[in-house]
Amino acid sequence: MTVKPLSIDKLYKACDLELLPFKTTAELETLNMPIGQERASSAISFGLRVVAEGYNIFCVGPEGTGKNNLVKHVLSTLAKEGNTPDDWCYVHNFNEEHKPKALRLPAGMGSMFAKDISKLIQDLEVSIPAAFEGEEYKNRLKVIEDRFQEQKTDYLNELQKSTSGKNVSILRMPVGLVVAPTKDGEVLTPEAFDKLDPEEQKELLADLNEAQANLEKAVKDVPKWEKEQRELIEKLNEEVANFAVKHIFEDIKKRYRNIRSVYNYIKDLNNDIIDNVHLFLSDEEMEAGVDEEGQMIATPIGPSKKNENPALRRYKVNVLVKNENDSGCPIVKLEHPTLSNLLGRMERLQQYGALIADFNLIKSGALHQANGGFLIIEARDLLNQPNAWDALKRCLKFKKITLESGDEDSTLSTITLDPEPVPLDVKVILVGEPDLYYLLADNDPDFQELFKVEANFTSTLERNVENISKYAKLIATLAKKYDLRSFNRTAVARLIEYSSRVSEDSEKLTAHVTLISDIMKEADFHAKLNNSNSVGKNHIEQAIEARIRRSDRLREKMTEQIKRGTIMIDTEGERVGQINALVVYEFGNFSFGRPARITCQARVGRGNIIDIEREVETGG
């Protein structure tokens, strides 16, 4: 057999400078998307535009092939065409306090609504105390008190009449009203009572028992009077509170009457403020009762304190998501996809040994911010975070964002919230390597249902005239992006040749943009050391050789072993049962070949066909 040596042009395909009609890359226009990824671009455009359940996208390709850049390029145009999503706010739920309500408002109105409610509460902090400090309220309250005083007076007069002509008297004591024996108008002490005749004592005891029975009968009416007194004061308070808040609520009700959920919240807010008007006043609430002498009393509500009242936090609005009107669909790139960064979180306030939850402390996550738009996540980062992948699947499957309460392992007792879920409408774009895609496709039954679009990025492209021209523009784009010197056409030609070497095919160019940009940065560094205004071929060579030099220590050691005869490699003559081979080693981004001797035992056969599988006992 004759072995024909390969010619040099077969080993190395030089780039024709005639295909690069420019002096430096400064003359070239820049590209706005990766080259050679038409298949992936078409898949991404389809996945983003189709309106159907489960058509989220997984961008599959080796690292450095421009997946993120292509996604952002396609999204930038599509997002401007889309509608701006609504704002979302959390507010207090007056019916179930542990379940805050989620309110949906048109884009740009969330912050405005929060300011309107804040202004309303500030106005009420002035108008409500003023109403309760007014003369009208005090006069009407006095009427109720005077009526009660009349009942008290009649009550005492009736009791006194019941003891008229008898040797008993009703006295006011710290413990209330009591019946005491008298003689000649003087209250008898226990010692004086013991000195009376038995008959006189018996008659006096009978009068005492009768008076005590009448007193107990009259006292039974006191709770009824208390209740009546309280009801009258509560009715007065409600009437005054209604008057104080009515005109303030009229404007805000008109402003939001077309947003049903917000309008209903404002009505509930109105009713709750009237029911809890004391929150706007001093700590001294209205109380009606019986004093130490058995007299019914009424304490009017005092003026409000002007310091911020923590009790009024329930009337705030927590703007979770706010969008600028006509800003298009949001594009969110989640760099650190932890569970809380994805779904949002509920912060806590420590108070008296417990962690207190508050709807004002609910923070939005990336899904909230991207709702109505697009969310980009690196698949490897997502899978490295505990529970984040399952949470994302759950949200996509049920189309709602449900905040999960943490702190289950906390040593402090925790008061938690169960916020109303926010409806979810988002396109998720995962970006990852092929091994991750196929790992999920093979092992997660939900994956194919939720990510139906595979955008496959190629690692190489054809080395033809069109792509060489585009590659030159790509180099110009990278030089501008990283603020490098311009590259002359010999430098561009050398980069194209190096790109073919990296792709391991003389008819291909690598799509590994990151690797090419690294060489360009290093070449620019060498051009700077040489005080050159542009990057030339020699600078590219220096950069390539420097990269190899940093990584080829093992190759030198292996070559040294062959030269010293430690490893025997025959390069001349013939040997039966022995051939030379080339083993390729890869260490990171550096690969090299090393000669290796392959030997086998050889003997004269029996003249029959030998079945290798049978001989090594693998056939049959």
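This note walks through a predicted model, point by point.

1. **A three-stranded sheet.** Start with the open sheet of 3 strands. Its order is β3-β2-β9, and the pairing is antiparallel. The edge strands are β3 (101–105) and β9 (318–321), and each of them pairs on one side only. Neighbouring strands in this sheet are turned by 30° against each other on average, with direction ignored. As background, strands of a sheet pair through backbone hydrogen bonds, either parallel or antiparallel.

2. **The β2–β3 pair.** How many bridges join β2 to β3? There are 5, and the two strands run antiparallel. Strand β2 covers residues 87–91. Look at V91 for one example: its bridge partner in β3 is K101.

3. **A helix across the sheet.** Helix α9 spans residues 260–275. This helix lies across β2 and β3. Its direction makes an angle of about 130° with β3.

4. The link joins distant parts of the chain: K101 sits in strand β3, D268 sits in helix α9, and 167 residues separate them.

5. **A salt bridge between two helices.** R550 forms a salt bridge with E522, and their closest N and O atoms are 3.0 Å apart. R550 belongs to helix α19 (residues 537–551), while E522 belongs to helix α18 (residues 513–529). The two residues are 28 residues apart. Their surroundings are worth checking. R550 is exposed, with a relative accessible area of 55%. E522 is buried, with a relative accessible area of 17%. Buried means under 20%, so E522 falls within that class.

6. **Further salt bridges.** The count of salt bridges comes to 31. One more pair is R564 and E560, whose side chains meet at 3.3 Å, N to O. R564 counts as exposed, at 64% relative accessibility. E560 counts as partly exposed, at 34%.

7. **Helix α16.** This helix runs over residues 465–481 and has 17 residues. From its first C-alpha to its last it reaches 24 Å, close to the 24 Å expected at 1.5 Å a residue. Its buried residues include N467, I468, Y471, L474 and T477. What do the buried residues of α16 pack against? The partners are β19 (460–462), β20 (486–487), α17 (489–503), β21 (508–510) and α18. After α16 comes D483, whose phi is positive, near 55°.

8. Return to edge strand β9. E324 lies in the loop between β9 and β10 (331–334). This residue counts as exposed, at 62% relative accessibility. Where does the fold bring it? The C-alpha atoms of E324 and A107 are separated by 6.2 Å, although the two residues are 217 residues apart along the chain.

Conventions
Residues are numbered from 1 along each chain as its sequence is written. This is a predicted model: local features need pLDDT of at least 70, side-chain atom pairs count only at pLDDT 80 or more; totals for chains, interfaces and linings use all residues. Side-chain values use heavy atoms; hydrogens and water are left out. Two strands pair if DSSP finds at least two bridges between them. Helices (H or I, at least four residues) and strands (E, at least two) are DSSP runs, numbered from the N terminus. Axes are lines fitted to C-alpha atoms, for helices over the stretch in contact, and angles run from 0 to 180 degrees between N-to-C directions. Contact means heavy atoms within 4.5 Å. A salt bridge is a side-chain nitrogen of Lys or Arg within 4 Å of a carboxyl oxygen of Asp or Glu. Buried means under 20% relative accessible area, exposed over 50%, partly exposed in between (1.4 Å probe, protein chains only). The expected span of a helix is 1.5 Å times one less than its number of residues.
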